[in-house]
Amino acid sequence: MKTILIVDDEYGIVQFLTDLLADQGYRAVTAANGKQALDRIEETKPDLVLLDFTMPIMDGAATLKALTDNPATRDIPVVMMSSFFEPTVTEACGPYAAFLRKPFKVQAVVDLVTRLIGKAEAD
């Protein structure tokens with residue numbers, strides 16, 4: 001089963017994405033900040049990371065840098081999520097797989113995940 005790590009400090013968003021992805025057949029695991037995300041990646045080996053840009057303890061930019069600096073995680077696609085406009089996020093973070101602007105639509109999330117890692121049933 002394909003695994004997606006959802007990293008966000010807003011419980012409502014985490015719950016929404018967890019339920020949505022489970023309905024689509026993906027396994028969702030969660031973390032509330034970048035530090036927790038790095039620990040969870042070791043345990044879960046996700047196929048994709050949905051990463052919030054603005055979080056306490058370790059934000060999205062620092063988390064993305066840690067992921068891309070590590071040879072074991074640098075090839076995991078990362079979707080940056082933010083209510084900021086994409087140029088602002090890109091300037092702070094550098095390159096990432098895709099951008100998802102908050103608030104997002106259900107179909108946009110499903111289409112993006114499918115494009116990046118394929119349908120859950122294909123696994």
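Start by selecting R40 and E43: they sit three residues apart in helix α2 (residues 34–44), about one helical turn from each other. Helices here are DSSP runs of H or I with at least four residues, strands are E runs of at least two, and both are numbered from the N terminus. In general, an α-helix has 3.6 residues a turn, so residues three or four places apart point the same way. Show the side chains of R40 and E43 and you will find a salt bridge, 3.3 Å from N to O; the term means a side-chain nitrogen of Lys or Arg within 4 Å of a carboxyl oxygen of Asp or Glu.

A word on what is on screen: this is a predicted model, in which local features need pLDDT of at least 70 and side-chain atom pairs count only at pLDDT 80 or more, while totals for chains, interfaces and linings use all residues. Residues are numbered from 1 along each chain as its sequence is written, and side-chain values use heavy atoms, leaving out hydrogens and water.

**Around helix α2**

R40 is partly exposed at 25% relative accessibility, and E43 is exposed with a relative accessible area of 57%. The cut-offs are under 20% relative accessible area for buried, over 50% for exposed, and partly exposed in between (1.4 Å probe, protein chains only).

Next, select G34, A37, I41 and T44, the buried residues of α2. They lie on the same side of the helix, because they cover an arc of only 85 degrees around the axis, taken from the directions from the helix axis to the C-beta atoms. These buried residues pack against β1, β2 (27–31), β3 and α3 (60–69), where contact means heavy atoms within 4.5 Å. On the other side of α2, E42 and E43 are exposed.

**Over to K102**

Which residue forms a salt bridge with D8? Select K102: the closest N and O atoms of the two are 2.7 Å apart. D8 is in the loop between β1 (3–7) and α1 (11–23), and K102 is in the loop between β5 (98–101) and α5 (106–117), 94 residues apart. Both D8 and K102 are buried.

D52 belongs to strand β3 (residues 48–52), 50 residues from K102. Finally, bring in E10: salt bridges with shared partners join D8, E10, D52 and K102 into one network.
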